[in-house]
Amino acid sequence: MDRHTLDIIDFDRIRQILAEHTNCALGRQKALKIKPAISGKLIKQWSRQVTEMIEAGSYTDLPPFGGIHDIRAAVQAAVPPHCLEPDDFAIVAETLDATHSIVNWVNSLREDATELRAVCENIGDFKSIGDAIHRIVDTKGEIRDDASAKLRKIRTDIANAKISIGHVVDRLLRNKNVTRWLRYPQATFHDDRLVLPLAAEYRGRVSGIVHRSSDSGATLFVEPAEAVELNNKIISLKADETAEINRLLWHLTHLVQVNSKEILKTLDTLAIIDLIVAKVRFAWAYDMACPHISTDGKLQLNQARHPLLVQMQKEARARSEDMEVVPINIRLGDDFDVLVITGPNTGGKTVALKTVALHCAMAQAGLPIPAKPGSQVPIYTDILVDIGDEQSMQQSLSTFSAHLKRLMVILKRARAKTLILIDELGAGTDPDEGAALGRAMVTELLERRCPCLVTTHLGVLKSLAYTEGRAENACVDFDPQTLRPTYRLLIGEPGNSNAINIAERLGLPKELIEGARHHLSGSHEQLTRAIKGTLLSRRQAERARAEAEDAKLQAQQQKQAAEQELKDLQDQQDAFQKWVNMILSLRPGDEVHVKQFDRSGKVVRMQLHKQLAVVSVGAMEIEVPIRELTITEKDN
């Protein structure tokens, strides 16, 4: 999809908001890279995944991601001659352990969650690898003393040697003849060796090896002769310890390497699951829903809100400030392909274009949209926009030249399934010439059957809806009493600039107002009269359409509710029949759980004619109603 369009409509900001709803780095990276697709099969699959996750949230928790880390770099690095470090293994083990929680969550899904189950098929079972790591590395990334019998013996020998050295040094420090030769009566370390701080004038009084002297030369650091052999032993044991640790780490590294393909596949799957969860959290936070992906080219957005305005509203409410986001209803591709939106400046025309473009891009990226149920979005092969004069600022072109250059790109790429959105068509030049060029542009797009939304200030373009069968007018509403826009989008009604009326309300002299009205062109008056003549019927048609859509939506919702109620009833019946079958299969000695006492026991005998069972619980035999029994299915 056109990169310029995604930049203009702030799609990257949507990615960032989505990433804020992920659980871990795996999903975050995917969220920051999502983009619209043009494959209907793929888009519908993404939408079903989100729908199933939303439904799953109604009867179970969302997938638990505690303990899952992005360990792909460590797994990919587990290739000779590189050996992973203990810290790496601690995180790898924690992540592999956490995958079991995801598997348990998958097992809690209903059978009809087919898309989620299909995604989760690639989650592997790495319990044996996790257990192997835990036997060697603890949760803090330290090598365990009991990682192997050899390592345990080495570390025991090192500890004993250190104790022996301590005894030697303690004995020397208790000797008053020795302590009077020292600068201070305590031992210190030189590297890993215990040494005594001998005064230089007493050189030779303590038998041993001088390792260094102080900067002034007044103190010699001597390793007592009795400790030399023990220290040498420790050094040798530490070399053995290092060799044994390396052997153990090599073993674990090899274990990760031979399973790296399956581990990486599992991590990719966890990233997808986290992305789906993020979409659901995004939907819940912004009151969004998955639109129907239509195949007939019809776009229908009900009560659509710009997601970034919704975000601003949330931030304002957090500051205890009021901010209203006015939703819009918009359609395209049914009884018209081109919608010409007119109205005053700052009335919301540009926001309406960006709202439509962003909703379509989000839907094709598999995201819910901030619109009410019943909305539908077709699959566009591309979305091309000309909004704002950002090119003129970058290339030092005039506003008109910048728009014209972008329009040429749009014409070159426009096809029947390309959504076109043009802001201020015909602006930046002489109004008559701009209107002529705008009309020619719209006519060409109509011939190509391109779905198109156009905003303009040029009143002449309003007449397109009366001369072209697949064109329609719309306006952003304006309150003449407050002189403020309402931001509501009215389809079927062309907008008025209201300039003269506003000037009159603001107190412009009456003679000037009358002069201005006198100077209005005859064609303008004719167009105004034609519009007024059809306005009532158009409003009635739009009202009837809206009522029909509401009735259709309510019927669909009632049907879905009835189908869900029937499904829930069937699930209850299936669960009951399963429980009955298990009760009938019980035999003396089978283990059961008694809900009344929250205790487990064994069946002594069944008394089905009395709806009772005698169960042995501890040292007692109790008689309980069979409805109090639950049974865990036995493994085959």
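Reply: Let's start with a term: buried means under 20% relative accessible area, exposed over 50% and partly exposed in between, with a 1.4 Å probe and protein chains only. Helices (H or I, at least four residues) and strands (E, at least two) are DSSP runs, numbered from the N terminus. This is a predicted model, where local features need pLDDT of at least 70, side-chain atom pairs count only at pLDDT 80 or more, and totals for chains, interfaces and linings use all residues. Residues are numbered from 1 along each chain as its sequence is written, and side-chain values use heavy atoms, with hydrogens and water left out.

The protein has 21 helices and 19 strands, and 44% of its 636 residues count as buried. The part to zoom in on is strand 12, residues 452-455. Cys 452 and Val 454 point one way, Leu 453 and Thr 455 point the other way, and all are buried.

Now for the neighbours. Two strands pair if DSSP finds at least two bridges between them. Strand 8 (residues 338-342) runs parallel to strand 12, joined by four bridges, and Val 338 stands opposite Cys 452. Strand 11 (residues 418-422) is also parallel to strand 12, with three bridges joining them; here Ile 422 stands opposite Val 454.
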